[in-house]
Each structure stands twice: as structure tokens, then as C-alpha cells.
2 protein chains.
Amino acid sequence: MLELAVLGLLKEKPMYGYEVKKRLDERLGHTWKFSYGSLYPTLKKLSKVEAVELEFPDGETLTRKKKIVYRITPKGEAIFEALLDESGASATEDREAFMLRLAFFRYTKPETRRRLLERRRGYLQDRLAKMKESLKTLRERVDAYSLELMQYGANETEHDIHWLEGMIEAERNGADGSQPGTDPSRFGVLRGETT
Amino acid sequence: MLELAVLGLLKEKPMYGYEVKKRLDERLGHTWKFSYGSLYPTLKKLSKVEAVELEFPDGETLTRKKKIVYRITPKGEAIFEALLDESGASATEDREAFMLRLAFFRYTKPETRRRLLERRRGYLQDRLAKMKESLKTLRERVDAYSLELMQYGANETEHDIHWLEGMIEAERNGADGSQPGTDPSRFGVLRGETT
DNA sequence: GTTAGCATGTAAGGAGTTACATGATTTT
DNA sequence: AAAATCATGTAACTCCTTACATGCTAAC
């Protein structure tokens with residue numbers, strides 16, 4: 001996960017490790033968090049397989065400590081694509097994995113996007129049906145707190161299905177040749193202007 | 001997490017490991033999942049510290065394989081309470097940890113419940129403010145997919161704050177002596193009857 | 001001049017997963 | 001009699017966290 005996220009972000013521009021974390025927190029912090037204790041080892045690992053290269057902004061040699069800019073290499077781009085493709089069950093069943101893929105949708109083919117969105121929708125529809133079943137049979141047998149939690153889950157799932165539906169629709173209306181991810185009007189299904 | 005969940009569920013009645021997983025999936029599967037590969041080692045660990053005791057339903061000795069009922073012991077109840085109490089930052093900042101606590105609210109004092117709910121609300125309010133800030137500054141700099149993701153996050157957070165507000169209110173109206181978790185009318189903030 | 005935030009890293013360990021392996025029981 | 005589901009378990013491994021450690025730089 002972290003490798004995919006880091007490479008995906010470095011595609012935008014070279015960055016410090018610190019900045020990588022800050023930006024990923026901004027965009028994905030809602031769904032997925034990680035610590036510096038996993039970030040730096042990951043960057044190290046990526047540089048060991050030559051997916052990223054290091055740069056020292058002061059012009060000093062590598063003896064100088066602190067402040068390292070990481071830049072993605074062509075090999076890194078290839079690894080990124082491989083990781084993005086390798087989206088088996090995890091990318092549809094795991095919320096975090098799915099959201100991470102969504103964050104990098106602009107690097108995927110329209111067809112890949114549609115497939116992922118529809119699989120996720122299908123999975124959630126399935127789960128929603130099961131949740132409603134459980135709610136029916138358990139309504140009298142569990143306490144109010146557990147029930148509230150289950151109801152919350154069902155509501156959220158329903159909401160998510162709606163959201164996905166809107167995005168699938170938007171993909172359909174924009175997938176005929178327009179550049180991916182440049183037209184904001186295709187989205188905003190749930191926008192509701194919170195300001 | 002798993003230890004807390006398993007002990008909490010076993011407080012209801014003795015069960016097979018298999019049943020433990022099924023029931024936890026029903027109630028918490030929306031937020032939190034686990035595999036049998038972690039369940040059985042956990043049960044083993046719990047029995048090693050005498051938090052649970054084993055029972056063989058066929059009346060056979062332990063030579064007989066398969067089908068083991070686990071029953072929580074007084075020591076297990078103590079461990080459960082300790083784990084439930086030890087809710088530092090994780091229980092308010094980590095969605096899964098918070099939801100797990102919520103599932104066992106009926107075993108906590110009204111005061112503990114109020115504290116947890118309010119801390120979680122405070123945390124989400126904080127994050128929402130930061131998310132809105134990010135949205136403002138990033139609106140022109142990131143692609144539509146990332147933006148949609150961030151907007152989704154903000155919407156969901158707002159929704160969650162509302163939900164918590166309803167529960168805090170419900171706690172206030174029901175915390176004056178009524179048995180915890182027995183009056184379903186205190187809830188249903190988001191119910192909306194999905195059937 | 002001290003607090004807050006920027007910036008990087010490591011060692012030990014926790015909490016799970018995946019894949020495998022086995023066999024009983026129920027349903028079709 | 002085959003397939004699904006019930007039921008239990010282990011070994012190797014992955015991914016990440018926590019706690020620690022260091023030092024720079026900007027703001028107040």
C-alpha cells in the first residue's frame with residue numbers, strides 16, 4: 001500500500017519524505033494513515049530497487065545529512081503500474097485499498113476505472129443485502145448499541161453505493177475521449193458545498 | 001483488538017471459535033475484519049492466560065478433535081475491562097478501535113460512554129476543519145478524482161459528527177438511571193428504515 | 001531563548017494475513 | 001456423490017506501529 005501511494009505521489013513531482021507524508025495525509029488521511037516509522041524504510045526500500053533516486057538540494061555530497069529529495073525513475077513508474085494493476089479482491093473488498101486506487105484514477109485507463117467502480121459497487125450491494133438480513137434476524141436479540149452500529153453500517157454502505165453509482169455515471173458521460181480527470185463538473189455527486 | 005472483541009462477545013454466551021468469527025463479522029464486519037488465521041491463535045493465547053476455558057460438548061476427552069466451546073472466566077472479564085479502559089488516543093482517533101468500543105458500550109458506565117463519544121466528536125471536528133482548509137487550498141492544484149475523494153471524506157466526517165451528536169443527546173436523555181442499552185427508542189438517529 | 005514544526009532515521013515488536021492442511025456435517 | 005459450509009489449526013511472512021534518537025529552522 002505505502003509503496004503504491006508513495007510512487008503515485010512522486011509521479012507528480014520530486015519531494016522530501018516528510019512532504020510525501022503530509023500530502024498523503026491530506027488526500028487519504030480520512031481512510032488511511034501511516035507513520036514516519038514506515039515511510040522512511042519504504043523510501044529506502046524503493047531506492048534499493050531503483051524505483052526512486054535521491055537528490056541532495058544543497059549540492060553537497062551524500063556525507064551531508066538531512067534533506068533528501070526523492071524522484072521517481074522509469075523503473076519506479078513501471079512498478080507503480082504493476083502495483084495498481086495487481087488489484088485483485090483487495091482493491092474491491094478493502095475500503096482502504098479501493099480508496100487508494102481511486103486517488104490515482106487519473107493514471108488508469110477508463111476501462112480499468114469502470115471495472116473497479118463496478119466491482120466495488122457489486123461487492124457493497126452484496127454486503128448490504130447480508131447486513132439487512134442480519135438486521136432482521138438480530139433486531140430482537142442484540143442490544144441497542146450493537147444495533148445502532150449495524151444500522152450505521154447499512155446506511156453508510158447504501159450511501160457509498162449511491163456515490164459509486166454517480167461516479168460510474170460520470171465515467172460514462174466523460175469516457176468518450178475527454179482527458180481523464182480534468183473536468184471537475186463530472187463529479188460533485190455528494191458535493192453539497194459544505195462551506 | 002481481537003482479544004477485546006473475542007472476550008466481549010464471549011460475555012454473551014460460550015461459543016465455538018467459528019461462531020465467534022461469524023457473529024463478529026455480522027456486527028463489526030463493516031468496519032473491521034479478521035481471518036481464522038488470527039482467531040485461533042488468539043483463542044489459544046487467551047486460554048493460556050486463563051481468560052477463557054475450554055469445553056468439549058460430546059463429553060469426550062480432549063483426545064477428540066474438533067468442536068470446542070470457549071467460555072469466558074472471571075479473569076477474562078477482568079482482562080476485558082482492562083482492555084476496554086485502556087482506550088487512549090487509539091479509541092478516539094482510530095475508527096475501528098472506536099467502533100469496537102461502541103459495540104461493547106452496554107458494558108461501560110454512562111460516564112465512560114459520554115467521554116468517548118465527546119472525544120471522538122472533538123477529534124472529528126478538528127479533522128473536518130483541517131480537511132476544509134486543505135480543500136480550499138488544493139481545489140485548483142489536484143485532479144478531480146483526488147478532489148472527489150477529499151470531498152467524500154469531508155462529507156462523511158460531517159455526517160459522523162452528526163451521528164455522534166445524536167448519540168450524545170440520547171445518552172443525556174437516558175443516562176439518569178435507566179438500564180443501559182435496553183431502550184431502543186433512544187437511538188435511530190440515522191435509522192431511516194432502509195427496508 | 002524556547003517552543004513548534006521541519007526533517008530523517010532505526011530497533012523491536014505487535015497484529016494481523018496468506019497459504020496450507022485436515023476432516024466433519026449438511027445440503028443439493 | 002459432489003459441493004458447500006462448518007470447524008480447527010499452523011508456519012511463514014508482511015506490513016506497519018511505537019518508542020526512541022538526532023538535529024535543523026522558523027516564529028514568537
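**View 1. Strands S1 and S3 of chain B are joined by 2 bridges and run antiparallel.** Strand S3 covers residues 69-72 of chain B, a strand being a DSSP run of E of at least two residues, numbered from the N terminus. The bridge partner of B:Tyr16 in S3(B) is B:Val69. In this predicted model, local features need pLDDT of at least 70 and side-chain atom pairs pLDDT 80 or more, whereas totals for chains, interfaces and linings use all residues. Residues are numbered from 1 along each chain as written, chains are lettered from A in the order written, and side-chain values use heavy atoms, without hydrogens and water.

**View 2. An open sheet of chain B has 3 strands in the order S1-S3-S2, with antiparallel pairing.** Two strands pair if DSSP finds at least two bridges between them. Strands S1 (15-16) and S2 (52-55) of chain B stand at the edges with a single partner strand each, so one side of each has no neighbour in the sheet.

**View 3. The largest pocket holds about 720 Å³ of space.** Its lining comprises 32 residues, and A:Thr31, A:Arg95, A:Glu96, B:Arg95 and B:Glu96 lie nearest the centre. A pocket is an open set of points on a 1 Å grid over the protein atoms alone, where a 1.4 Å probe fits, with protein on both sides within 12 Å along at least five of seven lines; lining residues have an atom within 4 Å of a point. The volume is the space filled by probe spheres set on the points, which are joined across faces, edges and corners.

How values were computed: Helix = DSSP H or I, 4+ residues; strand = E, 2+ residues; numbered from the N terminus.
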